[in-house]
Amino acid sequence: MSQKSEYMNQDESKYIEYKESKVNLSKSLFESYSAFANTSGGIICLGVGEELDNRGSRSYPILGIDNPQIQEEQLTTKFNDINAVTYNAVEDISIKVTSKGKKYIEIIVNEAPRNKKPVEVLDPKSRAMRAYIRIGSSDKLAKGEIYQALIRDKSDSLDREVLKNYTIDDLDIQSINEYRLRVQARPKFIAYQEYTLEEFLERIGVIAKAYSSDGEKGITAGGLLFFGKPTAIIQNFPNFQLDLFDRRSDKRWRNRISTVSDDLNAYNFFVKSMEYLQNLPEDQFELEKDQSRLEVGESMRVALREALINLIMHADYYSDEHSVIDVYWDYYDFKNGGSMKISKEDFFTTNESKTRNPIISKLLVFMGFGERGGTGGEQIFSAARYGKLRFPEIDTNIEKTHLRIWSVDFAESIEGINEDEKLILKLLTKEDMELSKKEIQTRTNLSRYYVTKALDTLIKGEYVLEIGAGRSTKYALNRTVEQRVATIKQQAADLRITERMKS
């Protein structure tokens with residue numbers, strides 16, 4: 001290969017795909033388009049090849065396109081042809097020119113709105129419409145459960161369906177009676193004690209009229225999940241399973257709460273898990289700069305409460321993926337089937353609330369949980385920020401969502417770093433701001449040599465960012481994009497609250 005060859009500076013990934021298309025449009029181009037539109041969006045570059053060296057490393061030479069204008073016109077026509085593509089999620093198609101004069105095409109694809117998914121494209125061989133999703137740097141045909149998940153993901157009311165052949169006899173009356181006492185104990189719902197059992201169940205959405213079918217009253221899907229007898233739930237939701245494992249043990253687990261082994265519905269699992277999680281954090285106190293007392297244990301209880309509410313409210317109960325809470329010494333994992341209804345970049349900052357299970361959400365609100373719709377992610381992030389803990393992490397795809405809440409600070413969550421490196425990370429976490437090398441030396445009492453050595457290791461490990469150059473160089477924790485955005489928004493919110501208190 002000539003030394004004058006030009007290469008793309010990024011590898012293929014979840015968000016980037018390269019196609020040769022030197023003479024004609026690549027046959028797999030539209031598969032990648034569908035995958036990006038159905039997942040998280042991305043960029044497709046045409047006119048780029050792939051090389052593999054003898055060490056297994058890949059590179060992507062820019063080959064150029066012989067007829068870019070013609071291909072650009074063909075793309076525009078195809079993306080607007082409903083017989084070839086069910087939805088046009090393309091933001092831009094542009095011809096790029098390299099410094100060597102080679103031309104390639106860049107296609108920017110947005111994630112399609114949920115009500116337009118699955119975005120399908122015409123398979124030229126079978127002449128059938130197919131949908132794809134993006135997994136890593138590959139496109140995967142969406143079929144079976146994955147395709148059904150895309151269909152279900154369109155709905156914001158999965159649990160409103162009125163189920164045929166289910167009656168009050170399929171509900172666990174003891175669960176309902178316990179729930180009713182909780183609701184009626186709240187002043188604004190005290191009048192509910194006057195209702196008959198059926199009136200109460202109608203009022204809270206467990207019984208509803210099937211307006212879209214025969215008009216008969218019946219048990220809603222959400223009502224069955226929340227209050228049903230486990231044997232009845234499994235008939236309509238064969239994959240229904242909620243588990244909490246306390247894995248702080250040398251054995252498989254120290255304790256387990258399970259809808260399977262304990263014969264629980266969603267209500268009983270929620271109550272038992274809430275009690276268990278709220279008893280885990282120890283009461284810890286730290287002094288802030290102004291000598292005010294920071295209640296770390298209480299912050300963690302808030303975070304765990306909101307994470308549990310989020311899991312119960314937003315799980316896709318039709319999914320093959322069941323919901324699991326894992327308790328470890330340093331963190332808590334919350335996993336449930338189905339993708340989030342909002343982007344992961346917005347989870348820790350938005351007031352917007354989107355749920356696929358409005359009945360279950362309503363049932364929790366009546367109990368006094370989740371009343372401040374859309375603030376759960378904010379409260380989870382806020383608990384970490386004010387508790388000086390490692391920031392929470394969230395990931396989601398069409399199949400599942402994974403939230404991790406750390407119970408230790410950033411330094412203690414990282415293995416393989418020495419005490420000097422931990423000390424610097426703890427300082428950057430506590431200050432939550434950019435610091436110069438001199439400031440780090442002063443506040444850690446470490447020599448310049450040891451600070452420099454530690455920072456070099458932390459920067460190479462991508463735990464710390466080096467900002468600026470020369471004497472103006474400063475250092476800060478390397479937060480993810482969504483965490484940095486959340487920090488900025490939280491600081492702005494704090495300022496607004498302070499100003500209101502002054503006025």
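Trainee: How far apart do the centres of the positive and negative side chains lie?

Mentor: This is a predicted model, in which local features need pLDDT of at least 70, side-chain atom pairs count only at pLDDT 80 or more, and totals for chains, interfaces and linings use all residues. Residues are numbered from 1 along each chain as its sequence is written, and side-chain values use heavy atoms, with hydrogens and water left out. Lys and Arg count as positive and Asp and Glu as negative, while His and the chain ends are not counted; each charge is placed at NZ of Lys, CZ of Arg, CG of Asp or CD of Glu. With 73 positive and 79 negative side chains in the protein, the two centres are separated by 3 Å.

Trainee: What percentage of the residues count as buried?

Mentor: Buried means under 20% relative accessible area, exposed over 50%, and partly exposed in between, with a 1.4 Å probe and protein chains only. The protein has 503 residues, and the buried share is 49%.

Trainee: How many residues of α1 are buried?

Mentor: Helices (H or I, at least four residues) and strands (E, at least two) are DSSP runs, numbered from the N terminus. The buried residues of α1 include Leu29, Phe30 and Tyr33. Helix α1 is mostly covered, and of its ten residues the buried ones number nine.

Trainee: Why do the buried residues of α3 line one face of the helix?

Mentor: In α3 (residues 145–152) the buried residues are Ile146, Ala149, Leu150 and Arg152. The arc is that of the directions from the helix axis to the C-beta atoms. Seen down the axis of α3, the buried residues line one face because they fall within an arc of 165°.

Trainee: Which elements do the buried residues of α3 pack against?

Mentor: Contact means heavy atoms within 4.5 Å. The packing partners of these α3 residues are α1 (29–38), β8 (129–135) and β9 (138–141).

Trainee: Which residue of the hairpin of β22 and β23 takes a positive phi?

Mentor: Strand β22 (residues 464–467) runs antiparallel to β23, joined by four bridges. Leu465 stands opposite Ala476 in β23. Six residues lie between the strands of the hairpin, and the residue with a positive phi near 85° is Gly468.

Technical notes. Two strands pair if DSSP finds at least two bridges between them.
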